[in-house]
Amino acid sequence: MKVFDNTTKKLLVASWVWISHTEVNNTRLAQLQTSPSRSGWDILRPLRRYLDSIEVSDRLLAHRLCQLIPAQCPFERDINLFGKTLLHIPPLCKLNPLYEEVVSLRFRALCYLADECGEDVSRYC
């Protein structure tokens with residue numbers, strides 16, 4: 001007796017929904033206007049834009065970025081004494097205001113090495 005013979009076969013029907021470009025543009029504009037910046041002026045915005053605008057198109061640059069930017073937060077530690085954990089220091093990288101941009105830059109460098117250059121990037125993980 002097989003389970004497949006006693007189960008109901010379900011039919012899945014998928015459909016596409018057409019969204020006009022004006023709706024998409026209005027939605028995107030509304031999202032940009034309600035951005036999470038709490039103050040009217042963000043002092044780090046030029047630096048964020050600069051980091052986001054860096055194009056990784058050189059193999060040497062991609063390797064250097066992957067070596068310089070760590071895969072995990074280097075500040076997380078457990079302080080042990082005689083085999084017992086006395087203190088745990090949590091990862092503080094997310095307190096860095098440029099954390100997302102730096103991590104995305106490392107990701108773009110890894111993708112360039114893997115997709116464009118065809119290299120094995122497992123040594124950077």
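I checked Cys-73 and Cys-93, and both are buried (buried means under 20% relative accessible area, exposed over 50%, partly exposed in between, with a 1.4 Å probe and protein chains only). I am working from a predicted model, where local features need pLDDT of at least 70, side-chain atom pairs count only at pLDDT 80 or more, and totals for chains, interfaces and linings use all residues. Residues are numbered from 1 along each chain as its sequence is written, and side-chain values use heavy atoms, leaving out hydrogens and water.

I found one disulfide in the structure (a pair of cysteine sulfur atoms within 2.5 Å). Cys-73 and Cys-93 form it, with their sulfur atoms 2.3 Å apart. The torsion about their S-S bond is about 90°, so I noted the disulfide as right-handed.

Next I looked at Cys-66, which counts as buried at 3% relative accessibility. Its closest cysteine sulfur, in Cys-125, is 8.7 Å away, too far for a bond.

Helices (H or I, at least four residues) and strands (E, at least two) are DSSP runs, numbered from the N terminus. Ile-79 stands opposite Leu-87 in β2.

**Leu-47**

I placed Leu-47 in helix α3 (residues 45-53), and Leu-47 is partly exposed at 38% relative accessible area.

Notes. Pairing = 2+ DSSP bridges.
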